[in-house]
Amino acid sequence: MLCFVAAMASLSSCNDGETYADMKKKENAAISEFLARNTSVSRSVFTKPVSVISETDFTNNGETTDVEKNEFVLFESTGIYMQIMRKGTGEKIKHGETAVLQCRFEEYNILSDTLQLLNTDSRYGYSIIPEELSVTNTYGSFTGSFSSIYATAMTSAYGTAVPSGWLVPLRYIKVGRQSTEDGEIAKVRIIVPSTQGQQYASANVYPCFYEITYQKKD
């Protein structure tokens, strides 16, 4: 699959003499440049640069981000940026509840400026089976793993471990299925630094941009 080609190219391009601190500087610079864009990203389009808001502002705004202003909330403790495009329908996952979610996504490597992986379009040669994500909420802390019995894009590329960044939106969105004409499922955009990302991102120190939908499995 192309994702492995991209990952291995990223790995082989690392300078043997480059320190982790050097790679983190490159990653941070790439994120800063990404935030300033107003061009197409993956197959999404940013009509203006990202407007970063604080967690305090996010809370005061009812845990929403203004998509028209291209707002992303920055979670300082993790370095994750999140934009809630749609809050979703149904209910949030409650404390003590385990749920199986189905996700559609696109993964964009910010450092190499490439669309790296997706399960939304069969023309790219990837699996279009939705990711199945088994998650548990423990007092607002989410844990999970990819649980599909089929080979999906994420499990084929990275195994069953879920990037920590994928779990962050679950505190703020509803994960029901679409049951009415205007009841759209939850959709978010997240910028995930390597420390919160999938295994290749972590090993090669690059950030990813994701656009993801979440809904409960039937």
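The following legends accompany an overview and several close-up views of a predicted model.

**Figure 1. Overview of the predicted protein.** The model is a prediction, and the protein comprises six helices and 11 strands. Of the 218 residues in the protein, 48% are buried. The accessible surface amounts to about 10,500 Å², and carbon and sulfur atoms contribute 50% of this area. Among contacts in the protein with a separation of 6 or more, 63% are between residues 24 or more positions apart.

**Figure 2. Surroundings of Thr65.** Thr65 is located in the loop that runs between α3 (55-60) and β4 (71-75). The relative accessibility of Thr65 is 8%, below the 20% limit, and therefore this residue counts as buried. From Thr65, the side chain reaches the backbone nitrogen of Ile84 at a distance of 2.8 Å. When neighbours within four places in sequence are set aside, the contacts of Thr65 are Ile53, Phe58, Glu71, Val73, Met82, Gln83 and Ile84.

**Figure 3. The aromatic pair Phe58 and Phe75.** Nine aromatic pairs occur in the structure. In the pair shown, the ring centres of Phe58 and Phe75 are 6.3 Å apart and the planes meet at 85 degrees, so the arrangement is edge-to-face. Phe58 belongs to helix α3 and Phe75 to strand β4, so the pair ties together parts that are 17 residues apart in sequence. Both Phe58 and Phe75 are buried. Helix α3 also contains Thr59, which is partly exposed at 48% relative accessibility. The C-alpha atoms of Thr59 and Val73 are 9.7 Å apart in space, and these residues are separated by 14 residues in sequence.

**Figure 4. A cluster of aromatic rings.** Phe105, Phe146, Trp166 and Tyr210 are joined into a cluster by ring pairs.

Figure 5. In soluble globular proteins, nonpolar side chains tend to be buried together. With residues up to four places away in sequence not counted, Leu101 touches Ile93, Glu131, Glu132, Leu133, Val135, Leu170, Val175, Tyr214, Gln215, Lys216 and Lys217.

**Figure 6. Surroundings of Ile93.** Ile93 is situated in the loop between β5 and β6 (98-109). With a relative accessible area of 5%, Ile93 is buried. The residues that Ile93 touches, not counting those up to four places away in sequence, are Ala99, Leu101, Val135, Asn137, Phe142 and Val175. Between Ile93 and Asn137 the C-alpha to C-alpha distance is 6.7 Å, although 44 residues separate the two in sequence.

**Figure 7. The salt bridge between Glu184 and Arg86.** Side chains of opposite charge can pair when their charged atoms come close. The whole structure holds 12 salt bridges. In the one between Glu184 and Arg86, the closest N and O atoms are 3.9 Å apart. This pair links distant parts of the chain, 98 residues apart: Glu184 lies in the loop between α5 (164-167) and β10 (186-192), and Arg86 lies in strand β5 (residues 80-86). Glu184 is partly exposed at 43% relative accessibility, and Arg86 is likewise partly exposed, at 23%.

**Figure 8. The salt bridge between Arg177 and Asp218.** The closest N and O atoms of Arg177 and Asp218 lie 2.7 Å apart in this salt bridge. Arg177 is in the loop between α5 and β10, while Asp218 is in the segment after β11 (208-216), so the pair ties together parts that are 41 residues apart in sequence. Arg177 is partly exposed, with 30% relative accessibility. Asp218 has 77% relative accessibility and counts as exposed.

**Figure 9. Further salt bridges.** Glu91 and Lys94 meet through their side chains in a salt bridge, with an N to O distance of 2.4 Å. The relative accessible area of Lys94 is 47%, and this residue is partly exposed. Elsewhere, a network of salt bridges links Glu33, Arg37 and Asp113.

Definitions and conventions: Residues numbered from 1 in each chain as written. Predicted model: local features only at pLDDT ≥ 70, side-chain atom pairs only at ≥ 80, totals over all residues. Heavy atoms only, no water. Helix = DSSP H or I, 4+ residues; strand = E, 2+ residues; numbered from the N terminus. Buried < 20%, exposed > 50% of the residue type's maximum accessible area, 1.4 Å probe, protein only. Polar contact = N/O pair within 3.5 Å; in protein donor to acceptor, adjacent residues only side chain to side chain. Contact = heavy atoms within 4.5 Å. Phe/Tyr/Trp six-rings, centres within 6.5 Å; stacked < 30°, edge-to-face > 60°. Areas by Shrake-Rupley, 256 points an atom, 1.4 Å probe, with all protein chains shown as cover. Salt bridge = Lys/Arg side-chain N within 4 Å of Asp/Glu carboxyl O.
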